Amino acid sequence: MSANISDPSFLRGMTQRRFGRRDALRLSGLAGLGAALAACGVQGKGTPGASAAPDAVEKFWAGKALTKHVDFANWPLYMDPKKPELKKFTAETGISVNYQEVIQEMGPWFAKVQPQLAAGQSIGYDLMVITNSFQFSQFRDSGFLAPLDHSKLPNYTKNAAPAYAKEAFDPGNVYSVPWASGMTGIAYDKKKVGRTLTKLADLWDPAFKGKVGMFSDTQELGNFGLMALGIDPAKSTIDDWKKAADHLKKQKSDGIVRNYYDQSYVDALGKGEVWITQAWSGDIFQKNLSDGTEFEFFVPEEGGTIWTDNFTIPITAKAPLDAITLIDYFYKVDISATLAEYINYVAPVPAAQEQIRKDAAKLSGDDKTAMLAIADSKLVFPTDAEYSKLHYYVSFDTAEEQQNYQKTFEPIVLG
Amino acid sequence: MDRVKRRLAPYLLILPGGLWLLLFFAVPMIAMLSLSLQQGDVVNGYRFTFHWQNYTEAIEAYNSQLIRSLIYGAIATVILIVLAFPVAYYIAFYGGKRKPTYLFLLLLPFFVSFVLRTISWRQILTDEGPVLGPLKDLGLLSDSYHILGTAPAVIGGLVYNFLPFMVLPIYVALERIDPRVVEAARDLYANPATSFRKVIFPLALPGVFAGVLMSFVPVSADYVNSEVLGSSSTTMIGQVIQAQYLVNSDYPTASALSFILMAVLLIGIFAYARALGTEDVMKVAAR
């Protein structure tokens with residue numbers, strides 16, 4: 001657009017040329033409308049580049065008391081449906097837990113709770129598990145996350161793997177502590193594919209035309225496009241994004257991609273809609289366990305990504321003290337172990353591995369073998385060799401950069 | 001006193017509806033218009049700056065989805081007319097005592113949420129579901145054949161969900177036709193085809209018009225059918241708007257797209273009304 005209409009001089013030029021009584025009236029009406037329009041602005045809460053003020057922790061936690069109830073928002077397939085850990089927690093502390101699997105994707109979750117948080121209202125949850133995607137930064141930079149009081153997290157301090165405190169999205173775990181980590185790799189139905197797959201390039205194989213699933217989350221999708229071209233997402237530039245987007249567009253225009261999925265990819269794989277799909281490590285294990293399917297999961301040779309889902313307390317939480325008590329409970333070695341045994345995602349408590357072996361020793365037969373398999377699973381306790389294949393997400397320095405990224409990859413999903 | 005009352009009556013009657021419209025239509029529209037001209041990002045807030053580029057950028061980025069929606073809307077509407085007319089004709093002229101039963105059957109699906117009904121189609125049409133599974137096992141279809149995720153699946157879903165909206169107005173128009181008019185046509189030696197073409201169809205047109213209004217607009221703006229039955233190659237504009245609002249928190253683009261869609265649909269409807277002869281249609285429809 002050559003003429004910028006919002007430019008005041010342009011507007012002045014337009015209005016002066018044909019100024020009459022009727023125009024004046026119309027303009028005054030317009031100005032009134034303009035004022036009315038401007039009054040409808042959307043408030044942001046940005047404090048760019050801000051880290052927590054030194055006294056933020058004391059300020060937030062001063063005067064907070066236990067309410068004996070906590071509302072917990074989490075992702076699906078992230079706990080044994082019988083919720084043994086929460087039952088134990090309630091029995092030991094008297095705090096009841098309302099556990100809801102309401103988070104399916106980061107974008108919609110942020111968009112859903114943003115207006116309430118910006119207005120300073122409760123979102124109905126005191127605890128939410130969010131991924132280290134760019135929405136994590138949006139939550140943090142908007143001031144929506146309560147700074148955690150580490151003195152209330154003794155188990156975390158004692159048992160958490162030290163590496164987590166160094167993660168770039170929240171150094172020092174000021175606003176978050178990990179719930180579980182996982183890998184984004186590839187899952188496939190070996191019976192239908194008919195061979196063993198090991199590569200990212202298999203997602204571009206014309207033999208699987210119309211049977212390939214990709215993620216609709218632009219970060220997950222973009223990461224795989226980048227890695228397929230041998231580019232490390234964390235170090236990628238805007239030119240790399242364009243190349244990756246072209247690579248992904250070709251995959252789509254060749255008819256290879258069946259669809260772009262959120263958490264529903266598990267269902268699509270189960271129904272045979274897709275044979276090979278981008279996948280999160282623990283889901284496939286759980287699906288096989290609960291439905292007796294035999295899907296395979298692997299981290300591709302070219303690389304996969306590692307992400308962390310994190311406990312966070314929304315700034316408007318009504319029961320933050322109950323929430324942080326629950327967070328710390330999940331850092332008890334035995335609790336962390338039973339959770340990992342079920343969800344099969346990377347446990348943030350290294351001692352859980354030994355605990356699972358101990359649990360296995362008490363069992364016999366198939367149960368014992370299965371339990372030992374979890375303790376030795378590279379998906380729950382990745383080895384150094386495994387870690388070396390894993391990349392971090394693209395990180396954005398500015399909101400503009402993030403919007404650019406979004407605009408580069410979104411047209412692929414929204415076709 | 002009576003005179004004053006009589007003069008005030010129409011305004012008092014219009015007051016509840018008027019207030020309702022002001023509160024729940026006019027106010028949100030102004031808020032959305034404002035949003036569509038704002039600039040910024042969700043963390044730092046959006047500010048009103050007469051940012052008309054939102055409109056040009058939205059058209060540039062999403063014209064293919066917009067055009068696709070209109071094409072799907074048009075195809076679905078034509079199929080709806082073709083399917084609905086015979087049904088309405090039969091019920092109106094041959095329904096007899098069973099008319100209420102037929103109408104009830106037509107409305108029966110509305111007792112279940114349309115999202116649920118659409119999802120159940122997903123279960124039925126899935127790649128290895130009750131329809132395609134056996135055909136594939138028999139080798140009549142290739143393993144990779146699928147219905148879900150294609151344009152016909154989405155258009156089929158749209159037609160399925162909006163059929164009653166087309167049948168009912170056409171039925172009402174046909175029902176009103178005085179049988180003596182049709183008899184007169186026969187008396188004047190019009191054969192059945194001619195009396196249909198020259199008498200019945202023109203009298204049913206207001207019903208078709210109302211049916212088109214009630215289906216083309218929501219069908220073109222629909223996002224559920226494409227979301228549930230479609231894939232990324234069937235994305236409709238409603239899904240784009242939904243994604244901008246509820247995934248990206250990009251309120252300005254979403255609002256701009258909503259206004260663009262509204263404008264395009266209004267132009268389409270007026271052009272259609274003009275082609276049919278607006279005044280006649282409106283007069284008959286208002287009868």
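Two residues are in contact here if their C-beta atoms, placed from the backbone, lie within 7 Å. Keep that in mind as you open the viewer.

This is a predicted model, in which local features need pLDDT of at least 70 and side-chain atom pairs count only at pLDDT 80 or more, while totals for chains, interfaces and linings use all residues. Residues are numbered from 1 along each chain as its sequence is written, and chains are lettered from A and ligands numbered from 1 in the order in which they are written.

**Stop 1: two helices in chain A**

Select residues 352-362 and 365-375 of chain A, which are helices H15 and H16. (Helices, H or I with at least four residues, and strands, E with at least two, are DSSP runs numbered from the N terminus.) Their axes come within 9 Å and cross at roughly 170°. Axes are lines fitted to C-alpha atoms, for helices over the stretch in contact, with angles from 0 to 180 degrees between N-to-C directions. The crossing makes H15(A) roughly antiparallel to H16(A), a label for angles over 145 degrees; under 35 counts as roughly parallel, 65 to 115 as roughly perpendicular and the rest as oblique.

Now show the side chains. From H15(A), Gln353(A), Ile356(A), Arg357(A), Asp359(A) and Ala360(A) meet Lys368(A), Met371(A), Leu372(A), Ile374(A) and Ala375(A) of H16(A). This contact consists of 6 nonpolar, 1 polar and 3 charged residues. (Ala, Val, Leu, Ile, Met, Phe, Trp, Tyr, Cys and Pro count as nonpolar, Asp, Glu, Lys and Arg as charged, and the others, Gly among them, as polar.)

**Stop 2: the domains of chain A**

Next, colour domain 1 (61-181 + 307-361) and domain 2 (184-305 + 390-414) of chain A; such bounds come from an automatic or database domain assignment. Their centres, taken over C-alpha atoms, are 27 Å apart. Domain 1 of chain A gives 13 residues to the contact and domain 2 of chain A gives 15. On the domain 1 side, 8 are nonpolar, 4 polar and 1 charged.

**Stop 3: where the chains meet**

Bring chain B into view. Here 38 residues of chain A are in contact with 43 residues of chain B. On chain A, helices H2 (21-38), H5 (106-118), H6 (134-141) and H18 (399-414) and strand E6 (257-261) each supply at least two residues of that side. The chain A side holds 16 nonpolar, 15 polar and 7 charged residues.

**Stop 4: chain B and its hairpin**

Chain B has 12 helices and 2 strands, and its C-alpha atoms fill a box of roughly 80 × 75 × 35 Å along the principal axes. Select its strands, E1 (residues 38-41) and E2 (residues 45-48). They run antiparallel, joined by 4 bridges, and form a hairpin with 3 residues between them. (Strands pair if DSSP finds at least two bridges between them.) Look for Gly40(B) opposite Tyr46(B).

**Stop 5: Phe216(B)**

Finish on helix H8 (residues 192-221) of chain B, where you will find Phe216(B). Phe216(B) counts as buried because it has 24 C-beta neighbours inside 10 Å. Beyond its neighbours within four places in sequence, Phe216(B) is in contact with Gly73(B) and Thr77(B).

Notes:
A residue is buried if 20 or more other C-beta atoms lie within 10 Å of its own, exposed if 12 or fewer, and partly exposed in between; C-beta atoms are placed from the backbone.
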